[in-house]
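Me: I have a model open and want to learn how to read it. Can we go through it feature by feature?

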Amino acid sequence: MPRPLYPATLTAKHQLSENTVQLDFRLEAGFDYQPGQFVQLHFSFQGQDYKRSYSISNSPESFRSSQQLEIAISFVKGGTASALFSEAEPGLELSIGGPFGVLTAPEKYDGRIILVGTGTGVAPYRAMIPALKKLADEGTRILVMMGVRHRADMIYEQDFRHLADSSGSIEYRACYSREKSLDTSANEYPGYLQNQFPQLNLSPEKDLVYLCGNPAMIDDASAELTALGFAPRQVKREKYVFSS
Ligand SMILES: Cc1cc2nc3c(=O)[nH]c(=O)nc-3n(C[C@H](O)[C@H](O)[C@H](O)COP(=O)(O)OP(=O)(O)OC[C@H]3O[C@@H](n4cnc5c(N)ncnc54)[C@H](O)[C@@H]3O)c2cc1C
């Protein structure tokens, strides 16, 4: 059965990095989701109808108290949604469908959870922050790894640094593929996210790995994890593929 569409109004736009903004939408009551899921924005642009998928970047707890759904969008050259949302002002009305997706946090996990995201691919992990704190309190070890080219491209970094500071069971790593000088005392690492894998003592029996964002990163990382013996159920993926 198709999911209902919810009327939504853009209430605010926040610059997260040079190329990325957070859009806040007010939604009617009745919408609910699990942290890690995504929605589809249905909009009209220059007389045509479009839909595009975006991860929800705030937690259900935050949504229930504010009725605001947050998404982070990175603009691409020549993109339709990119053109609309780079110019959009508060008051814009559209429809939101969903929620969709199974990149969700488990209720319990006896082992380590490794959350890997490139660019806006960290948005679903931000929505999981209260769930991750609860898991860590119950003994789950958690590693969040964010990957971008340059430090200036990083989004939501303080949220993850605060999360790591809140528990000895949570670690955060920032990976930069094009940054020359790195602060190793601030958990900054060079290269692609998957370059970290050999240092992580990965275990197909104990680790649950989440991969989100750039499709090429997900393909590379999945191939490496499969070679290490990870079964498909131990690797959750959300590829940010373009709409055709
Ligand atoms: C499940 C899912 C969740 C997603 N979540 C997010 C999210 O949270 N944040 C987010 O920013 N995006 C996310 N995306 C991607 C998003 O849905 C759009 O594809 C993206 O915003 C581009 O849309 P557009 O209309 O601007 O570009 P389009 O009009 O679709 O594309 C225009 C041109 O740009 C190219 N292009 C499109 N995207 C890229 C890109 N990333 N890099 C290089 N070239 C590109 C296309 O090939 C095309 O030639 C998600 C995708 C999926 C499937």
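Me: How many bridges join strand β3 to strand β6, and do they run parallel or antiparallel?

Reply: A word on the source first: this is a predicted model. Now the general idea. Strands of a sheet pair through backbone hydrogen bonds, either parallel or antiparallel. Here, β3 (residues 38-45) and β6 (residues 93-100) are joined by four bridges, and the two strands run antiparallel.

Me: What is the bridge partner of Phe38 in β6?

Reply: Phe100. Find Phe38, then look across to Phe100 in β6.

Me: In what order do the six strands of the open sheet come?

Reply: Read across the sheet: β4-β3-β6-β1-β2-β5. The pairing is antiparallel. At the edges are β4 (48-55) and β5 (68-74), each of which pairs on one side only. Neighbouring strands are turned against each other by 40° on average, direction ignored.

Me: Which helix lies across these strands, and at what angle to β3?

Reply: That is α2, residues 80-87. It lies across β1 (5-17), β2 (20-27), β3, β4, β5 and β6. Against β3, helix α2 runs at about 80°.

Me: Now the ligand. Which residues around it come nearest?

Reply: Start with the surroundings, then go to atom pairs. There are 21 residues around the ligand, and Arg52, Ser53, Tyr54, Ala81 and Ser82 come nearest.

Me: Next, backbone geometry. Which residues does a cis peptide bond join?

Reply: Check omega. It is about 5° for the bond between Gly98 and Pro99, which is cis. Pro99 has its place in strand β6.

Me: What is phi of Gln67, and where is that residue found?

Reply: Phi of Gln67 is near 60°, a positive value in a residue other than glycine. Gln67 is in the loop between α1 (60-66) and β5. Asn201 also has a positive phi, near 50°. Asn201 lies in the loop between β10 (188-190) and β11 (207-213).

Me: Why does Asn201 count as exposed?

Reply: Because its relative accessibility is 68%, and exposed means over 50%. Gln67 has 25%, so it counts as partly exposed.

Note on methods:
Residues numbered from 1 in each chain as written. Predicted model: local features only at pLDDT ≥ 70, side-chain atom pairs only at ≥ 80, totals over all residues. Heavy atoms only, no water. Pairing = 2+ DSSP bridges. Axes fitted to C-alpha atoms, helices over the stretch in contact; angles between N-to-C directions. Contact = heavy atoms within 4.5 Å. Near = heavy atom within 4 Å. Buried < 20%, exposed > 50% of the residue type's maximum accessible area, 1.4 Å probe, protein only.
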